[in-house]
Amino acid sequence: MTGLCDVRATGGCLCGGVRYEVRGPLRDVVVCHCSRCRRTHGHAAAYAACRWDDLVLGEAAPLRWYVDGDRRRGFCVRCGASLLWRAPDRDTVSVAAGTLDPPTGLETVAHIFVADRGDYEPPPGEGECFSAGLPPGWPAPSRG
Ligand SMILES: [Zn+2]
Ligand SMILES: [Zn+2]
């Protein structure tokens with residue numbers, strides 16, 4: 001955890017136990033309204049994303065992975081914050097946008113699993129809407 005490299009962003013959990021750096025481009029924010037994200041985050045989940053290799057966790061970070069089928073959700077064992085989402089077949093990792101230190105320089109560009117959103121949720125605002133996941137090849141702009 002030094003400032004020597006080209007750190008694009010930093011972030012962490014509520015208690016500060018988990019800190020991370022992103023040393024590469026960050027994708028703009030996609031909000032997932034699926035029931036799994038809702039039950040993890042307590043609401044729809046806003047995620048940026050970066051290459052897995054570009055994510056550097058602080059030393060001795062109290063991060064554990066909750067395995068949900070073939071997906072993994074990284075959380076802080078101390079404060080319970082949900083920070084990361086990972087699918088093993090992808091070389092990227094989703095980073096909970098609310099855990100990034102501001103200013104993020106990001107925008108919300110899409111909403112996914114809109115058809116599954118909570119019945120209390122208003123229709124999504126800004127960004128493209130998809131009833132299920134992101135279509136393959138959907139342009140995922142990165143901000144370097
Ligand atoms: Zn924590
Ligand atoms: Zn989701």
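1. Five bridges connect β4 with β9, and the two strands run antiparallel. One pair in this arrangement is R51 with T92, the latter lying in β9. The model under discussion is a predicted one.

2. Is β9 mostly covered or mostly open? It is mostly covered, since four of its five residues count as buried. In the chain as a whole, buried residues account for 32% of the 144 residues.

3. The largest nonpolar core holds 35 residues, and those touching the most other members are C32, A45, Y47, A48, L83 and V95. At least two residues of this core come from each of β2 (19-22), β3 (26-32), β4 (45-51), β7 (71-76), β8 (82-86), β9 (92-96) and β10 (108-112). The largest share is that of β4, with six residues.

4. Leaving aside residues up to four places away in sequence, L83 touches C13, V18, G74, F75, C76, V95, A96 and T99. Both L83 and V95 are among the core residues that touch the most other members.

5. A separate point concerns an open sheet of three strands, whose order is β1-β2-β5 and whose pairing is antiparallel. Its edge strands, β1 (9-12) and β5 (55-57), each pair on one side only. On average, neighbouring strands in this sheet are turned by 20° against each other, with direction ignored.

6. Within that sheet, β2 and β5 run antiparallel and are joined by three bridges. V22 has L55 of β5 standing opposite.

7. In sequence order the pattern reads β-β-β-α-β-β-β-β-β-β-β-β-β. The radius of gyration is 15 Å, close to the 15 Å given by the globule rule for 144 residues, so the chain is as compact as a globular protein of that length. Along the principal axes, its C-alpha atoms fill a box of roughly 40 × 30 × 30 Å.

8. A last point concerns contacts along the chain. Of those between residues at least 6 apart in sequence, 56% join residues at least 24 apart.

Note on methods
Residues are numbered from 1 along each chain as its sequence is written. Chains are lettered from A and ligands numbered from 1 in the order in which they are written. This is a predicted model: local features need pLDDT of at least 70, side-chain atom pairs count only at pLDDT 80 or more; totals for chains, interfaces and linings use all residues. The radius of gyration is taken over C-alpha atoms; the globule rule is 2.2 Å times the number of residues to the power 0.38. A residue is buried if 20 or more other C-beta atoms lie within 10 Å of its own, exposed if 12 or fewer, and partly exposed in between; C-beta atoms are placed from the backbone. Two residues are in contact if their C-beta atoms, placed from the backbone, lie within 7 Å. A nonpolar core is a set of buried Ala, Val, Leu, Ile, Met, Phe, Trp, Tyr and Cys residues joined through C-beta atoms within 7 Å. Two strands pair if DSSP finds at least two bridges between them. Axes are lines fitted to C-alpha atoms, for helices over the stretch in contact, and angles run from 0 to 180 degrees between N-to-C directions.
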